[in-house]
Every structure is written in C-alpha cells, then in structure tokens.
Amino acid sequence: MTFTIPIDNGDALKNAETDSQRTLYPYVTGTSIVAIKYKDGVLMASDMGGSYGSTLRYKNIERVKAIGKHSLLGASGEISDFQEILRYLDELVLNDNMWDDGNSLGPKEVHNYLTRVMYNRRNKFNPLWNTLVLGGVKNGQSYLGMVSMIGVSFEDNHVATGFGNHLARPILRDEWHADLSFEDGVKLLEKCMRVLLYRDRSAINKLQIAKITEEGVTVSQPYSLKTFWEFQAFHNPTAGAQGSW
Amino acid sequence: MFRNQYDTDVTTWSPTGRLFQVEYAMEAVKQGSAAIGLRSRSHVVLASVNKAQSELSSHQRKIFKVDDHIGVAIAGLTADGRVLSRYMRSESINHSFTYESPLPVGRLVVRLADKAQQVCTQRSWKRPYGVGLLVGGLDESGAHLYYNCPSGNYFEYQAFAIGSRSQAAKTYLERRFESFNESSREDLIKDAILAIRETLQGETLKSSLCTVSVLGVDEPFHFLDQESIQKVIDTFEKVPEEEEDGGEAEAEAAAAPTEQGGAGDQDVAPMEM
C-alpha cells in the first residue's frame, strides 16, 4: 500500500527526503468506532487498543476526545495522525474562544473543517490516515458525521468506522430508532461492540462509551464486556480439520 | 479644521495627539449621500438615497450584499466602498466554504476594521479608506448593525445614519430607537424610509429616490422593489402634515447649520457619492 509518485528530476537525494515526509502506511492503529444519535444527543463507543501491526501493543489509548463545548471526536486508524488532528482542533478552538463574542464552533463547523483538512491532505498525497467520527449537540440539534482519510464525508443517524461498518451498521440499521433512551442506546452500542470483540482481531475487551448532550461531554471509565465462549461450535474447534489444511 | 503642518502624512501625529489624515478621511464620509441602518431583534434594514451625477446617468449603488445574512451600505468614496465590499464577500465565502456555516457578523466587522482599515492608518505608503460602512447582519447571537469608520474603529448601533444631512435622520432615529428592538419588519422598513425622507430636506419622497434592503431570520438579504417602497411611502405621504409636522420643522432647523457637504451638491467631488 504505497503512495509514492515517481518524481524524476534527477535529484535522488532530495526525493528521498521528501518521500519520507509523506504518510505511506499506518503504524499504530486504532480499530472501529461506533456512534449513534439518541434522545438527548450522541453516544460514541470505542475500545482502548492501539495495534502495532498484528500485535496488540497499547491498551490504554483514548480514541474519543471532547472538542470545544459542543463536539466529540472519535478516530480509528493511525494514532499519531489522530494526535495531530487534535492539535489542529486545539488551535481552532483556541482561536474561536479568543474572539470571546458569544459565537462558538458547533459540531457542523468542526465536521466541515475536518473534511477540508482531510481532503486537502489527500490531494497532496500525504493523507492523515484516519477515519473520523464527529458527534455533537448545539442548540438542541444533534449532529453526527464521519470523514474518511480521502475526504469522503457525510452525516447520518448512526456511523461506524472500519470493521464497524461491516459488523455494527447492519445491527444498527435493524435496531436503531429515533429517541432511544440513554440506557437503550448504551445497550445497543454494547451489542455492537460485543460482536466486534468476537470477530475483529484488533479489538480488545476494554472500552469507553462517551456521551454528549446539551450539557456537555462525559467519557465513561474504561470497562469490559461479558463474553460467552461456551457455544458448541467453539468446543473442539479443530474437529473438522484433517491434516495441515 | 484648517490645514496645518501635521496633516501631510497619515503616519504623522499632531502635538495634540491627532492623526489629521484619518480625520480628513472621516470628512469624506460626510460628503457622500446618506445611508441609514436600523435593526430590530430579528431584522436589519439598510436604506440609502439614490444620487445620480446628472440627469443623464444612473445612480450609484451604495448597498451591497455580502452574504445571505450580511449586507453593507456605504457613504463616501464609492470606489473604496466597492473594494471593501469585495473583501467582506471574500471573507464570508471563505468561512462558509470551510465551516459550512455563516460567518458571524461581529467577526467580519473586526476583521474589516483591523485588516482593511486600521492597517491603512499605520503605513506611510497607504491612505485610509474614505468610506464609512454600515454593516448589518444576522448570526446566532441575533441581529446586529455596525458602523465601520475609516479610522478602523467600529461601533454597534440600534440605528445609525451616515453621509450628508445624516444629522436630520439621526435626530429622527433618536426619537424612535427605543421601540426598534420590538418593531415588526414592516414598521422597521417604514421607519427607515421616514428617516431617509428626513435627509431629503423637503424634496418629495419618491421610491425612485431611495434604495431599501432587508434581511432577517428566515429572510436572506434582498432589495425591496420600487413598488413595495412606493406602497410604504403612500401610507404616510397621505398624512404628511399631522404626524410629521413637528418632525419636519425640527429637521429643517437641525439640518441647516451642521452638514457642510450638503450645502451644494454641485460641490461634491465626482468620485464621491
């Protein structure tokens, strides 16, 4: 998965330098984020794992952060790029606060800003290797959107990244409805996260659920889901396999 | 003010702490024909007097749309005003593109004051913009009306008038401004047109003589057509003596000594409107 463009101006030394400045592959990655709108705002769930390739190397990474007063940002993909994005947003929020004029950046503005950033980086062949989920509430309106690393962006009532798109979204399409209560929302997210835990090899059993309402952001303490491994199919898993294949 | 040895450069202070070039620039605003702005809680109305160079020419545009939620009326050097309007349009559209959200008026006005205007009072190779701008707009904190000065200062107003014979309009507005916040859209428009009438010094008010624009909650910036303006004029021109009698006399008295520019429109420099 390379993003190198052949640059032929004869200056091999300089090219080596500029090539190494672009993101070519991700190194430490976070897996899925799942988020839904509910009655009072938005709920977002993520696990706390950072994989280094196939190794589950870091187990205490917070992949959901509050942005300003009204938004919540979750990211999957390259963790260092996520941290870079947080720095950009820090500056954005700081400048917004410095105006001190009664206007503030809402989730829609942050989402669009991020879309511009991601798309611009993609155009320079130097992407921020993340899929971002932006949720928030402002003036009673809930907002939930997503931006991918190539700048594709949209809003929906429920979004997920990575494996979440394949495993969690189908569940949400069937079971999400408007005006979920907080408890029902959490149950629904836990159902999705449990499936991801069983089936996504880069998921770990340590998750956080963040909620954002008109009052503000709360990120839960990390906790784990109960899992059940006594299904008949899991007993003696190699029963059908003869020989090495 | 008279010519003195400290007024050649915009970057020269006088011993009494004044920048004369900046003050002269503010005089240019008074030469232009009147522009008026008023706001209520939910709407902003900008109105101006249509002044034409001669009977043969069309009148100059003094009110510009900056965005769906912001409009600006100018008085002074119209050319300068156009350039600043273009700057404001640019800022507004850039913000919309990045944030998909309308630029708050207060922020636009500060940028205008700092970048466009104040800078020009601090560089010896520049000159201040000779135009005053009445910026009216709507954002999440409500309806706003600001006046941007060539000096780089800006103030927020409930209602204001600039340009020649604006004192007459200001007197009218001062009597009525307390009720503007709660005014309906129609009353606000009527007050704007009445204020314009004050600046005409007895000339009959016709819809061809003024331009009126409105913006508000659920109403993007747009101009009122001649018909609508004439309809509003008709509602009060029928009873000019009764209610406005005291007002007329007051206006005459107030307008006479103050506005030097208003005395002879023939003396107005061609570039100013």
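Which residue takes a positive phi just after α2(B)? In this predicted model, Glu100(B) does so, with a phi of about 50 degrees.

Over all chains, the whole structure contains 11 aromatic pairs. One of these is formed by Tyr25(A) and Tyr27(A), whose arrangement is edge-to-face, with 6.2 Å centre to centre and 80 degrees between the planes. Tyr25(A) counts as partly exposed because its relative accessibility is 37%. A further pair consists of Tyr113(A) and Tyr99(B); their planes meet at 10 degrees and their ring centres are 5.9 Å apart, so this pair is stacked. Because Tyr113(A) belongs to helix α3 of chain A and Tyr99(B) to helix α2 of chain B, the pair joins two chains. Both partners are buried: the relative accessible area is 16% for Tyr113(A) and 15% for Tyr99(B). In chain B, one aromatic cluster is made up of Tyr147(B), Phe155(B), Tyr157(B) and Phe160(B).

Charged side chains also sit over rings in chain A. Arg57(A) lies over the face of Tyr52(A), 5.0 Å from the ring centre, and the charged end of Lys211(A) is placed over the ring of Phe182(A), at 5.6 Å from its centre.

In soluble globular proteins, nonpolar side chains tend to be buried together. The largest nonpolar core of the model comprises 30 residues, and Leu38(B), Leu173(B) and Ile193(B) have the most contacts inside it. At least two residues of this core come from each of β1 (35-39), β2 (43-49), β8 (159-162), α4 (166-176), α5 (185-199), β9 (210-216) and α6 (226-237) of chain B. The greatest contribution is that of α5(B), which supplies 7 residues. With residues up to four places away in sequence left out, Leu173(B) touches Ile36(B), Leu38(B), Ala159(B), Phe160(B), Ala161(B), Phe180(B) and Ala195(B).

Chain A has 5 helices and 13 strands, and its C-alpha trace spans about 60 × 55 × 30 Å along its principal axes. Of its 245 residues, 47% are buried. Among contacts in chain A with a separation of 6 or more, 61% link residues 24 or more positions apart. Helix α5 of chain A (residues 182-199) consists of 18 residues and reaches 26 Å from its first C-alpha to its last, close to the expected 26 Å. Its buried residues include Val186(A), Leu188(A), Leu189(A), Cys192(A) and Met193(A). The elements of chain A that cover the buried residues of α5(A) include β2 (33-37), β3 (41-47), α4 (163-175) and β12 (207-213).

For chain B, an unreviewed UniProt entry annotates residues 6-28 as "domain: Proteasome alpha-type subunits". In the model this span is 39% helix and 0% strand, and its end C-alpha atoms lie 19 Å apart.

Technical notes:
Residues are numbered from 1 along each chain as its sequence is written. Chains are lettered from A and ligands numbered from 1 in the order in which they are written. This is a predicted model: local features need pLDDT of at least 70, side-chain atom pairs count only at pLDDT 80 or more; totals for chains, interfaces and linings use all residues. Side-chain values use heavy atoms; hydrogens and water are left out. Helices (H or I, at least four residues) and strands (E, at least two) are DSSP runs, numbered from the N terminus. The expected span of a helix is 1.5 Å times one less than its number of residues. Buried means under 20% relative accessible area, exposed over 50%, partly exposed in between (1.4 Å probe, protein chains only). Contact means heavy atoms within 4.5 Å. A nonpolar core is a set of buried Ala, Val, Leu, Ile, Met, Phe, Trp, Tyr and Cys residues joined through side-chain atoms within 4.5 Å. UniProt positions are given in the numbering used here, feature names are shortened, and annotations may be inferred rather than shown by experiment. Rings of Phe, Tyr and Trp (its six-membered ring) pair if their centres lie within 6.5 Å; planes under 30 degrees apart count as stacked, over 60 as edge-to-face and the rest as tilted. A charge sits over a ring if NZ of Lys or CZ of Arg is within 6 Å of the ring centre and within 35 degrees of the ring normal.
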